[in-house]
Amino acid sequence: DTDVPSTALVHGIIEKGTLTTAPNSATPAAANYAIGTTNFTFAKFDLTAIGEDINVTQFNVYFSTSSATSSVDADAADVNNLKLYDGSTLLASDAQLSSGYAEFAISVTVPKNGTKVLTLVGDVPTGSDAAQLKAWINKRGDLSATGKASNVTIYTGASDWTALSGN
């Protein structure tokens, strides 16, 4: 008998994967723009999956007419015709906000140990009276996702929800 030498590697086993969200470094800096602006890029979001492929089926973005710590809902007079893209592929659109939210039913797979960048664009109509607009993922329930291998609901994580924003 010959013993097979150990590799001394310890392999971790996880119940399910994780999904984290973060602002993408290519999100445009805050700027002044005129009412009537169309196809304005409000934010780019990084979605990163660890441990397994993760299927994202709902992506909701909250708009405020004030700062990220404010709860003043924007409405359709402030921003509309919102679109969510994966690269140049249109995933979904939402013509107008509901209680400050743009709601996107999507089907996106974030690859295991990989990142997807989603881009949010929209219009600022000529009737907007907002002094400023802010777009962000407001809370963990704003995204619905399921692990592909585990078939378990995955809740997104962020160390600071107010930092998870566009400009």
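Which residue in E8 does serine 64 stand opposite? The legends below answer this and describe further close-up views.

This is a predicted model, in which local features need pLDDT of at least 70 and side-chain atom pairs count only at pLDDT 80 or more, while totals for chains, interfaces and linings use all residues. Residues are numbered from 1 along each chain as its sequence is written, and side-chain values use heavy atoms, with hydrogens and water left out.

View 1. Serine 64 stands opposite lysine 134 in E8. Helices (H or I, at least four residues) and strands (E, at least two) are DSSP runs numbered from the N terminus, and two strands pair if DSSP finds at least two bridges between them. Strand E3 and strand E8 (residues 134-136) run antiparallel and are joined by 3 bridges. Strand E9 is joined to E3 in the antiparallel sense by 5 bridges; isoleucine 54 has glycine 147 of E9 as its bridge partner. Of the 11 residues of E3, 8 are buried, where buried means under 20% relative accessible area, exposed over 50% and partly exposed in between (1.4 Å probe, protein chains only).

**View 2. Strand E7 between E2 and E4.** E2 and E7 run antiparallel, joined by 8 bridges, and alanine 43 has leucine 120 in E7 as its bridge partner. E4 pairs with E7 over 5 bridges, also antiparallel, and the bridge partner of aspartate 86 is leucine 118 in E7. Strand E7 is mostly covered, with 7 of its 10 residues buried.

View 3. The whole structure holds 7 aromatic pairs. Rings of Phe, Tyr and Trp (its six-membered ring) pair if their centres lie within 6.5 Å; planes under 30 degrees apart count as stacked, over 60 as edge-to-face and the rest as tilted. Phenylalanine 40 and phenylalanine 42 form an edge-to-face pair, because their ring centres are 4.9 Å apart and their planes stand at 75°. Phenylalanine 40 is buried at 16% relative accessibility, and phenylalanine 42 is buried at 0%. Tyr33, Phe40, Phe42 and Phe63 form one aromatic cluster.

**View 4. The largest nonpolar core.** A nonpolar core is a set of buried Ala, Val, Leu, Ile, Met, Phe, Trp, Tyr and Cys residues joined through side-chain atoms within 4.5 Å. The largest one has 32 residues, of which Phe42, Phe59 and Phe63 touch the most other members. E2 gives the largest share of this core, 6 residues. Contact means heavy atoms within 4.5 Å; leaving aside neighbours within four places in sequence, the contacts of phenylalanine 63 include Phe42, Val72, Leu97 and Leu120.

View 5. Most residues other than glycine have a negative phi. Asparagine 81, although not a glycine, has a positive phi of about 50°. This residue lies in strand E4 (residues 80-86) and is partly exposed, with a relative accessible area of 29%. Asparagine 113 also is not a glycine and has a positive phi, of about 60°. Asparagine 113 is placed in the loop between strand E6 (101-110) and strand E7 (114-123), and counts as exposed at 51% relative accessibility.
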